[in-house]
Amino acid sequence: MPERSITEQMQEAHGRPPVLLPGHTYATVTDKISAVVLSRRTPLGWYIGFLMSAGLVGVLTLAIAYLMYRGVGIWGINVPVAWGFAIINFVWWVGIGHAGTFISAILLLVKQSWRNSINRFAEAMTLFAVMCAGMFPLLHMGRPWLFYWMFPYPNTMSMWPNFRSPLVWDVFAVSTYFTISLLFWYLGLIPDLACLRDRAVNKWAKRIYAGLSFGWRNSARHWKRYESAYLLLAGLATPLVLSVHTVVSFDFAVAMLPGWHTTIFPPYFVAGAIFSGFAMVLILAIPIRKIYALDDMITMRHLDNAAKVMLATGLIVAYGYIMEVFFAWYGPNQYEKYMMWNRMNGPYAPVYWGLILCNVLIPQLLWLRRIRYSPKWLFVISLDVLLGMWLERVVIVVTSLHRDFLPSAWGMYIPTRWDWATFLGTLGFFAAGMFLFMRLVPAIPIFEMRELVHKSSEEVAVK
Amino acid sequence: MESQVNREGPSQPERREQERVSAEAVCPTKKELLYQISGTASGKKQLTRYDFEAALAALDSGDAPEYWRSLEELAGTKEFQEQLHREFPKGASEWLDPVSRRGFLKLMGASVALAGLTGCIRQPLEPIVPYVRQPENQVLGKPMFYATAMTLSGYGRPLLVRSNEGRPSKIEGNPEHPVSMGGSDIFSQASVLDLYDPDRLQTMIYEGEIRTWPSFLGGVRGQIAAQQAVQGAGLRILTETVASPTLAAQIRGVLQRFPGAKWYQWDPVNRDNVRAGAQMAFGQFVHTQYRLTDADVIVSLDANFLSPEFPGFTKYAREFSSRRRPETNPAARPFTTANYTALPDRPINRFYSIESTPTNTGAKADHHIPVRFSDVEKYARILASAVGVNAGGGNANSDLDGKVLAAAVKDLQAHRGTSVVIAGEQQPPIVHALAHAMNEALGNVGKTVFYTEPVEANPTDQMAGLKELVSDMWVGKVDMIVITGANPVYDAPVDLNFVGALQKVPLRIYHGTHGNETAANCSWVVNGTHYLEEWSDVRSIDGSVSIVQPLIAPLYGGKSAHELLNAFGAQPELSGYETVRGYWQSQIKGVDFESWWQKSVHDGFVANSAYAPLNLRVKMTSFAPPAQTAAGNTGGSVELIFRPDPCVYDGRFANNAWLQELHKPMTKVVWDNPLMVSPNTAARLDLEQQDVVEIRNAGQKVEAAVWIQPGHPDDSVTMFLGYGRQRAGRAGTGMGFNAYQIRQSTELNSVHGVKLNKTGRTYPLITTQGFQSMVGRHLVREATLEGFRKDPLFATRVEKEPDPAETLYPVYEYTGYAWGMAIDQNACVGCNACVIACQSENNVPVVGKMEVARGRHMHWLRVDTYYKGGLANPQVYFQPVPCMHCETAPCELVCPVAATVHGTEGLNEMIYNRCVGTRYCSNNCPYKVRRFNFLLFQDWNMPQYKMMRNPDVTVRSRGVMEKCTYCIQRIQHGRMDAEKKDQLIPDGSVQTACQQACPSDAIVFGNINDKNSRVVKLKENPRNYGLLADLNTRPRTTYLAVVTNPSPDLPEAEKSEHA
C-alpha cells in the first residue's frame, strides 16, 4: 500500500509518524469522514456488533427490572461487604470517561493538535461511560425511586442532603461532569452536523441534521463565537478531569475503613482513571481505524502518544500501590497492616496479584517502541489495563470491606449472576452507544481535520 | 412474588391458601388439613422429607472445601446453589431462582411500572371500630403486663407477658418471682412466635376430616363407655413430664375412674438419671437446688447449668454471675483511681468444669477439663474419694487433668460449706449419687445445696414407662391412647419402634398445638392451646406454684390439656378456667379464696408455696466402682453423645424460626445441628469441616455433617437432638439431621462406640460468625484476679483512647439525658436470651438459612464468641455486640440523606423513612452492627404476625438500613410516665429488651448524666473499656473486661493451657 510506505518514509524522516498522512485535501477529508455516515454502505460487522450489544442492553433491562422488583438482595452484597459490583463498576466507568475529557480539554488547552482526530470519539466514549457509571449509584440504592433526595431541592420535609457525605459530592461531581461533557461534545459537533446537513441527500437526514446544527452557516462570526465557547468549555472541563475522580476517591478516603482511609487516593485515582481511559481509547481507536480505513487520520502517532500516556499514568498508579504497602508496613495501624497482609495472602489474594500483573508488570512492555507501534499489542495491553483497573476497584472495595475491625463480622463477597448481568449489560450499553455514534455522526471532527491538512502539508514541506 | 416470605416461604398458591384461610377466620380447607397432618398425605410435596443423599451427591464432584470459611466461595457455584435450594423447605429457595414463565410475566409488569409505582401499595380495608365497652385499665397504645408461666420439660418458667390491646407480643421474666427475678431465656422469649405460628393446628380432625369439639366428645363417648366396662384396662395416657398440680390431679381422677388405665410420661430429654441418682443416694426422689451466691468453689460434672435448657437456669445464671464481679464491695466505689486496691467483700468464685461437650457453661470456667462422657464418672470418683467419699478413686487421663483435679480438691476442701458439686442431667445415676455424697461430705447441704420434694407432679422412670407402654401396645392390650403434648413418633428411642406399636391401637387421640409426626399417626387430632391461651398451673424449680393465665382467647378454638382430660371425667364440658380454679379452691383452706386467687394470678405465683428444704442424709455408703472400666475408643469407633440442641431443644422448637436462626453459643451455626468432633479426632478419622459422615449404631444409621469444635474431648463426638423433623412446619421440616434415628432406649445419653463412615459428600453448615479468633486484637480484654488486683486499670492500657478534647469543633454537651450502656463480659454467660428478646421487641425479621449464608442475618444484637489458646482446650469469651451509639458515629457522617443522625440524648438514630439504602453507613461502621433489608425480609402478609409485632416499633421494608436503637420506644414510654409525674426518668425504670432479658444482669442501661445511675457506676469501674475506642468513635456502649480466677496452684503454663 502506498500510504504504508509513505508512513515508513515519514517515520524515518521525523522519527515519528505525522498526525495526518499527506495527500489529503479539505475535500478528501470531508468526503472520507462524512461518507461513513452518509454514503458508505454500513458494514455487516456494524449490524452484528450492534445487535450483540443491543442484546446485552436487553440483558441490562431485564437485570434492572428484576432488581426493581426484588431489591438489591439479588446481588451478592451483604454485611460486611455492602458495596459490590455496583460501586466497582461505577468507579471503573467514571475512570474510563476521564480520558475523553483529558484528550478534548487538556490537550486542546496545551495545543496538542494531534488530538483532533481522536477527540470526538473519545468524548463520545466519555459520555457513554459516564452514563454507564451513573446508572450504578442509582441502581445500588435500596430504594432507588427516592434518588432525588440526594439533591438539594426545596421540599416539604425541610431536609437537605447531608453535605458532609462524599456521596452527595459524588452526585454533584458526576452530574456536572456529564453536563459539561455533553455540552462540550455537542458544541464540537455543530459545524460537522452542518456539514452533514449540507451533504445529506436523504430528505429526513437533511432535516434532522439541519435541526441539530442549530442553523450553523459557517460565517466568521459563528466561528469566532464557536471558538471562544469551545475554549471556555475546555477551561471548565479541565478541572473536572482532576476533580471528578478525586471526589469519587473521597467515597473511600473519607470512610475510616483500613484500605480506604488514605490520603493518596485522589492523585492515584485520577492517574488510574486516565490510565484506564486511554486504554479504552486505544480499544476503540484500533478497530475503528482498521474497519473504516481511517489509519491516515488516526495514525501510529496517535497510538504511540496514547501508549505513552498509559505508561506514564500506569507508573503513577504503580507508585500508589507501592505507597499503600509502604504505609501499611511503616505505619503503626494494626488494622491497616492486617488489611495489606490480607490483600496479599487472604482469600482475594489472586485478585490482588492479578491487579499487580495487569496494571504494573504487563504495561512495562510499553517502554518498547516495537510494542507501541504494534496495534495488536496495544490492543491486548489495553484490554489488560482495563481488566487491571477493574481488579483494582475490586481490591479496594471488596478486600477492604470483607475483613475490617471485628473478626466476628468478617465475611465474603461472591457476585451473583445478576451482578454479572448488570455489568455485562452496561458493557453492551456502552458498545451500542458507540455503534450508534459511529453510524450517526462523524466520528472524527471534519473541520478540525481540515485544520490539520494545512499543518501536515507544511510539515511535509519542511522536509 | 414470594418476596414477602423470609423464614418459611411457601409458594404463592399455598400462601394465598393460607391467607384465605386466615381471612375466613379459622376454617381451613380440607386439603390444607391433609397437608398439615394426615399421614396418608405424607407424599404431598412440601412435607416430604428432603433427601440429603441425592442433593449432596450433587456436591460430590465439586472441590471439597478445605475449611468452612470457603463456603461462600462454594456459594457461587451452581452445585452449591442447588444444594441449598433443595435443602430448604419449599418456597424458601424462591429467592434467586431463575425467572419462571409466570415470574417473568410479573417481572415484565414490574419493569413497565419500574420504580415509580413501587411506592403505591394497595391499602387494606380496615374499619376502625371504637370499643363499646372499653376493658378495664385499657389505654390504647399503652401495653398491659400479665403474669403467667411457661412449662418446659416439667418445670415452670415464671413470666410477665406484655399485651398490646389484647395481643400478647413480648415475653419477659417475672421480676417478682425468685426464680426469674426478671431474667428469662431463649425458649420463653421465643415462645410468642409459637403462639402465632401459622403452621399450628387450626381445627380438630378425625381421619383427615374437620371436626368440632362436641363431635369429638360424642365420637369418643362410646369408647370411653366401653373402657368403663373393663375398668379402663385398655386406656393409656401419655403426657410430657407433668408439672401442673391440676393436671396431675385430673389424671389421677381419671385413673381412679378407670383403675385399669395407665399414665405414662415421656420427654426425650428427661431427668430419669437425676431421679435415679437421687433414688440411689437417698432412697427417694428428691429435687436438688443450688444456691450459687454462697458458693466460692463450683465443680461441674458435665452440668450445663448456665444454659437455658437447665431447669432453674435464670436463677443459676444470676447467682453465678453475681459472684463473677471482682469488685462487689460497694464501699470500694468509685473505682476511678489508678491505685484501687480494695478487696471485694466476697471473693469471685472459682469454677472448675469437667465437660464432655463444649457448652457456654464450660466456657465460663476458670479451669475447664474436656473429658469424654464416659470418663466423667471416673473423674467424679477421683474427686469424691479425695473429699472423703468411699468412691474408689482412680487416675486422671493425663497429668494435667490430674493437677487440675488436685487443685479442685484442694479448693473444695478449703471451702467446706461454701462449695458445690453439680452433676449434669444426662450423666448416669452414679455421678449424681457421687455429687450428693460429695456435697454432703463437704458440708454444703443446707448451705449451697438444698433438697426438696420433687417438683414434677409424678416422678417416674420415664424410659421404663415408655417401654412398658410400647410393649402393651404391641400385644394389643391398648384400645385407646391419649397423647397430649408429647411427640413420641419422632423422639422415642428408635429400637422401640413406637410408630409401629401405635398402629396396633384402635383409637389414637393426639392433643397438641402442631400437626407433628405423632399427630399424623393418630386418628383423632385435637388442636391444643398454647400456654398463652390457656388456664393452667405449674411449679417452678423452687416448688412455688404459678397460675398460668391466658393472654388471649385461643386463636383457633383449641382445647387445653385440662379440657381434654375433662372429657374422661364426669363433666366433659368443664372449662379450663373452672378446672384450674376449682382445683385450687379445693386445695386452699382457711383464707378468702377469691382474694387469694386474685393475688396469685396477679403476682404470677402463689405466695409461700415454695417447697421447704428437706433434711436428708445420703444413705448409700459405698460407691465402689464396677469391675470393668471403659476402654478408649480406637480405630473408626468413637463415643457418641446426644445432647438437646441449644436452640431447638429436643425438637419441639424446630418450627420456631427465631430459635432456628439464633446462633448457637459455641459454634454460631444456625438452622442445623452440626456433629461436634474434636480437632484431634477429626484428624485421626480424616474428617474435615462439613464432611457428611454416616453414623452407625446398633443396626441403625444416620448422617450428620462434621463440625470441628475446639475444646471437644477426643475420641468422642456430640450430636444434637431436635433436628431432621419430618412434620415440624415450614421452618423446621427437613432441617438438619435426625439424631433420634440412632438413639436406643438403653443408651439414651451416650453410646460407647459408634462407627463414623465418611460419605465423601459435604453439607453446608452456616454460621453467623466466620472468624472466632481475635487475630491479636484487644477486643475482649482479660486478666486473672491476681493481675486485676495488681493493675485494676489493665483494660484501659492496651489501647490509647483519643482525648475527646482533641478536636477543632466545640464538643457537644448533653445537658438532659445521655443514654449509655455497660456490658459486663465477666457476667455474660453467652445464653443468647438478649438476642431473642431484641428480635421479639424490635420486630426483627428472620431471613432463612440461605440468606444467612450470604451474610444477611438481621440480628440487631449478636453475641460474638471468640476462642483463644490451643485447639484442645481453648479459652472462650462471649461478647454481646449491640449498636455502640458512638458519640462521633462514623455512620452519620457518610449518609448522603441524613437518615442516621445523632439525637440530643446521644442516641445514634436511624430514620427508616428517610433511608434510601446506600449502605455507606454499614461500610463505615467499625462494629458492623447495622443490618440492611437486602430483600423484603419481613413478612408483611401473614395475619398472625401482624398480631405478634410490637406496635411501637416500625416494621421495616425492603431497602432500608436498621440497627439497635437502645429500645428508643421504651425510653419514650419511660419519658411519658416520668413527665406525667413531672420528674426525670428514674434510673432503672427504662430497661432495654436485652437488659431485661439478661438473667445474669450483664447488661446495664441508663442515663450517664445521672452520676448515681447503675450504668455510671459500671462505667467508672476500672474494668470498663470501649471496644475499638482507639478509633475515636467514643462508644456509648462499653464493656467490662473479663477477670478470671484460676487456681494459684496451677503453674502459669498450665493455666494458659487450661484457663
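Modeller: One definition is needed at the outset: two residues are in contact if their C-beta atoms, placed from the backbone, lie within 7 Å. Please also bear in mind that this is a predicted model.

Biologist: Then which residues does A:Val281 touch, leaving aside residues up to four places away in sequence?

Modeller: With those neighbours left out, A:Val281 touches A:Ala99, A:Ile103, A:Ile118, A:Ala122, A:Met125 and A:Ala306.

Biologist: Which residues touch the most other members of the largest nonpolar core?

Modeller: They are A:Val281, B:Leu301, B:Leu434 and B:Met438, in a core of 441 residues. As general background, nonpolar side chains tend to be buried together in soluble globular proteins.

Biologist: Turning to the contact between the chains, how many residues does each chain give?

Modeller: Chain A gives 51 residues and chain B gives 57 residues. On the side of chain A that touches chain B, helices H3 (44–70), H6 (166–199) and H11 (334–345) each supply at least two residues. The largest share of that side, six residues, comes from H3(A).

Biologist: What is the make-up of that side of chain A?

Modeller: The residues of chain A that touch chain B divide into 36 nonpolar, eleven polar and four charged.

Biologist: What follows H3 in chain A, and where is A:Pro80 found?

Modeller: A:Pro80 is found in the loop between H3 and helix H4 (85–109) of chain A. The peptide bond from A:Val79 to A:Pro80 is cis, with omega near 20°. In general, most peptide bonds are trans.

Biologist: Let us move to chain B. How many helices and strands does chain B have?

Modeller: The secondary structure of chain B comes to 35 helices and 38 strands. Chain B has 1059 residues, and 59% of them are buried. Among contacts in chain B with a separation of 6 or more, 75% join residues 24 or more positions apart.

Biologist: Which strands form the closed barrel in chain B?

Modeller: Six strands of chain B form the barrel, in the order E19-E24-E21-E23-E22-E25, with mixed pairing. Neighbouring strands of this sheet are turned by 45° against each other on average, direction ignored.

Biologist: How do E19 and E24 of chain B run, parallel or antiparallel?

Modeller: E19 (residues 637–643) and E24 (residues 716–720) of chain B run parallel and are joined by five bridges. B:Phe642 has B:Met719 in E24(B) as its bridge partner.

Biologist: And the open sheet: what is the strand order there?

Modeller: The order is E1-E2-E3 in chain B, with antiparallel pairing. E1 and E3 (167–173) of chain B are the edge strands, each pairing on one side only. The twist averages 40° from one strand to the next. E1(B) and E2(B) pair over nine bridges, and B:Thr148 has B:Leu159 in E2(B) as its bridge partner.

Biologist: Which helix lies across that sheet?

Modeller: Helix H7 (residues 186–195) of chain B lies across E1, E2 and E3 of chain B, and runs at about 170° to E3(B).

Biologist: What about the backbone at B:Ser153?

Modeller: B:Ser153 has a positive phi of about 50° although it is not a glycine. B:Ser153 is found in the loop between E1 (144–152) and E2 (155–164) of chain B.

Biologist: Where is B:Gln231 found?

Modeller: B:Gln231 is found in the loop between helix H8 (213–229) and strand E6 (235–239) of chain B. B:Gln231 also has a positive phi, of about 60°, although it is not a glycine. B:Gln231 is partly exposed, with 13 other C-beta atoms within 10 Å.

Biologist: With which strand does E6(B) pair in the parallel sense?

Modeller: E6(B) pairs with strand E7 (residues 262–265) of chain B over four bridges. B:Leu238 has B:Tyr264 in E7(B) as its bridge partner. Together with helix H9 (residues 245–257) of chain B, E6(B) and E7(B) make a right-handed β-α-β unit.

Definitions and conventions: Residues numbered from 1 in each chain as written. Chains lettered and ligands numbered in written order. Predicted model: local features only at pLDDT ≥ 70, side-chain atom pairs only at ≥ 80, totals over all residues. Pairing = 2+ DSSP bridges. Axes fitted to C-alpha atoms, helices over the stretch in contact; angles between N-to-C directions. Core = buried A, V, L, I, M, F, W, Y, C linked by C-beta atoms within 7 Å. Buried ≥ 20, exposed ≤ 12 C-beta atoms within 10 Å, placed from the backbone. Nonpolar A, V, L, I, M, F, W, Y, C, P; charged D, E, K, R; others polar. Right-handed = clockwise from strand over helix to strand, strands pointing away.
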